[in-house]
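Open the structure in your viewer and keep the selection tool ready. The tour goes one stop at a time.

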Amino acid sequence: METLESALALLLEHAAPVRETEEIPLGDALGRIAAEDVASPIAVPPFDRSPLDGYCLHSEDIAGASREHPAVLTVIGEACAGCGEVFAVERGQALRVMTGAPVPAGCDCVIRQEDTDEGMEQVRMYASVPHNRNICWTGEDVPLGAVMMHRGDTITCAHIGVLSSLGVARVRVYRRVRVALLSTGDELLQPGESLSFGKIYDANRAAITAHLQELGVRAHVLGSAKDEPQAVAQALAEAAKDADVLVTTGGVSVGKKDIMHKVLPLMGAERLFWQVAMKPGSPLLCGVYEGKLLICVSGNPFAALACFEVFAAPVLRKMAGKAAYENRRLRTTLRGEFGKKSPGRRLIRAYFDGVQARLIGNNHSSGSLSTVIGCNCLVDIPAGSDALCDGDEVEIILL
Ligand code: AMP
Ligand code: MG
């Protein structure tokens, strides 16, 4: 039996980052992984510009100016943001400028309009301004050629804003990881179908599909399959042609209907391991088929989700090209009590508020999904632990 760590290490060894890239519109790139460095093709701002509404001029012309002794300059015109007109400002002259307007060569400062009489032909300046003050210089934000996005970066809203300011319209990213997902079980119905005795609705298919979406993975949802090894083996082998990873739920335990043990040999898949020393999800079964990982989690909905988060999510993040692919763990204080001893390692649901982890509900069984709502972390209870008390220090895995 593997430990959580040894099982994850085995999976990560087989998780090769996707190398194929594609070029996409910048607007579609949120959350994607940059496949190349992006150096700025321009300087930003592309010209010296005024950061305020006022006048640009030669600072020496208003040296010593005050309310009592204003300097009087001739206004040669007006420049607004976006106006393409080129002005030349001589000594003794000023140009009326609005925020964002280009500052002509030669002018070495801008005076804010509040320190003037806002005159249109002649302007009285009531203050002096030092040399080089109140000008946003060319390239002050982004120098020409500066690398603003690096290969491997997860593209954020900020990257999209900055790249837009550089005039970049398309970016090269790694293609999405592709996952084929199959839920197995004779008992499964899909929402919308009418419930009959003995059947249940398939929770795993929708929940894991949503998690795949969250991870930016392209999900190929194969639907749900009956507990028929041959049919499942065929469906998975077919799906593997266009998938990087295969994920299944159900049929990995020790019962008569736990078909996945037969499916792997039928497909010709190599078994990596079966069983991990943890609750929920201990019967995790993993293999490799034609170089592609096959991750088969228990059908119990909480077990399926916990195993997906703990094992599949880091694998998929690594394959996507993310540098930080491991689950984030931290030590914190527990709020609430967990009455049972834990002879084996156990993961239980909790909500971490940034300071402490509060237990959610009191149904910790692996078959209960309802208490996953509001859960943003798992408390990782080591094997051999006593019941947990309010205030105990615990380690959590952030989801
Ligand atoms: P299994 O892993 O197939 O032994 O299933 C364990 C338990 O989880 C059984 O009670 C199943 O009925 C239930 N189960 C299996 N698959 C799903 C699913 N996709 N959605 C909800 N419950 C499931
Ligand atoms: Mg089953």
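**Around the ligand**

Select Gly251 and ligand 1: a polar backbone atom of Gly251 is 2.9 Å from an oxygen atom of the ligand. That is a polar contact, a pair of N or O atoms within 3.5 Å. This is a predicted model, where local features need pLDDT of at least 70, side-chain atom pairs count only at pLDDT 80 or more, and totals for chains, interfaces and linings use all residues. Residues are numbered from 1 along each chain as its sequence is written, chains are lettered from A and ligands numbered from 1 in the order written, and side-chain values use heavy atoms, without hydrogens and water.

Next, pick Glu187. One of its polar side-chain atoms lies 2.5 Å from an oxygen atom of ligand 1. Move to Asp202. Here a polar side-chain atom lies 2.8 Å from a nitrogen atom of ligand 1. Taken alone, the ligand exposes 480 Å², and the protein buries 75% of that (Shrake-Rupley method, 1.4 Å probe).

Now show the whole shell. It holds 15 residues, with Ala203 and Gly299 also among the closest (near means a heavy atom within 4 Å).

**A charge over a ring**

Last, select Arg349 and Phe302. The charged end of Arg349 sits over the Phe302 ring, 3.5 Å from its centre. The rule asks for NZ of Lys or CZ of Arg within 6 Å of the ring centre and within 35 degrees of the ring normal.

Methods. A polar contact is a pair of N or O atoms within 3.5 Å; within protein, one must be able to donate a hydrogen and the other to accept it, and residues adjacent in sequence count only if both atoms are side-chain atoms.
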